[in-house]
Amino acid sequence: MLRKIEHLGIAVANIEESLMMYETLLGTNCYKTESVESEGVKTAFLQVGESKIELLEASNPSSPIAKFLEKKGPGIHHIAFDVENIEAEIARLTSQGFELIHTTPKDGADNKLIAFLHPKSTGSILIELCQEKNS
Ligand code: ZN
């Protein structure tokens, strides 16, 4: 079951510069920064009520974020839904004909197990499923 929008992922060219703007805009400070080497990203999280904003900066030129910025420029990169049981959701969505980029959950930032759906099966929107670890 998808329970809520957990966060919006936003691709930025420079995380420090973007953080200054978002901290002022949202009136709150970043609560966590984290690098995910396997994805070639640096992340920074801000909490807004029940939801979060995840800023994403490429940590190397072959990062998916570097490619996204090259093609589309800075902007909304993905929508992440909180799920109760990520393996059950992967199985359900696969059986419904969705194409998963990750067919088994992998470690993501912010203490999550994650899996991405391929945008070609979701109307060009990159969708992330995430499950809090140990919940
Ligand atoms: Zn995300």
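Modeller: A cavity is a set of grid points where a 1.4 Å probe fits but cannot get out, and a volume is the space filled by probe spheres set on the points. On those terms, in this predicted model, the largest cavity holds about 40 Å³ of space. The structure has one cavity of 30 Å³ or more.

Colleague: What makes a residue part of the lining of the largest cavity, and which residues line it?

Modeller: A lining residue has an atom within 4 Å of a point. The residues that line the largest cavity are E6, H7, F45, E54, A109, D110, K112, I114 and E128. Two elements, β1 (2-11) and β7 (112-117), each give two or more residues to this lining. By class, five of the lining residues are charged, three nonpolar and one polar.

Colleague: How do you know which protein atoms are donors of the zinc ion?

Modeller: Donors are N, O and S atoms within 2.8 Å of the metal. The NE2 atoms of H7 and H78 and the OE atoms of E54 and E128 lie 2.1 Å from the zinc ion, so they count as its protein donors. Along the chain, the donors follow the spacing H-x46-E-x23-H-x49-E. E54 belongs to strand β4 (residues 51-58) and E128 to strand β8 (residues 127-132), so this pair ties together parts 74 residues apart in sequence.

Colleague: Why are E54 and E128 called buried?

Modeller: Buried means under 20% relative accessible area. E54 has 6% and E128 has 4%, so both residues count as buried.

Colleague: What places L46 in the buried class?

Modeller: The relative accessibility of L46 is 0%, so L46 counts as buried under the 20% cut-off. L46 lies in strand β3 (residues 41-48). Not counting residues up to four places away in sequence, L46 touches several residues, among them L19, Y22, L26, I53 and L55.

Colleague: Which element gives the largest share of the lining of the largest pocket?

Modeller: That element is α2, with six residues. The largest pocket contains about 670 Å³ of space and is lined by 29 residues, of which P64, I65, F68, H77 and L126 lie nearest its centre.

Note on methods: Residues are numbered from 1 along each chain as its sequence is written. This is a predicted model: local features need pLDDT of at least 70, side-chain atom pairs count only at pLDDT 80 or more; totals for chains, interfaces and linings use all residues. Side-chain values use heavy atoms; hydrogens and water are left out. On a 1 Å grid over the protein atoms alone, a cavity is a set of points where a 1.4 Å probe fits but cannot get out, and a pocket is an open set with protein on both sides within 12 Å along at least five of seven lines; lining residues have an atom within 4 Å of a point. Helices (H or I, at least four residues) and strands (E, at least two) are DSSP runs, numbered from the N terminus. Ala, Val, Leu, Ile, Met, Phe, Trp, Tyr, Cys and Pro count as nonpolar, Asp, Glu, Lys and Arg as charged, and the others, Gly among them, as polar. Buried means under 20% relative accessible area, exposed over 50%, partly exposed in between (1.4 Å probe, protein chains only). Contact means heavy atoms within 4.5 Å. Donors are N, O and S atoms within 2.8 Å of the metal (3.2 Å for Na, K and Ca); water is not among the atoms, so sites may look incomplete.
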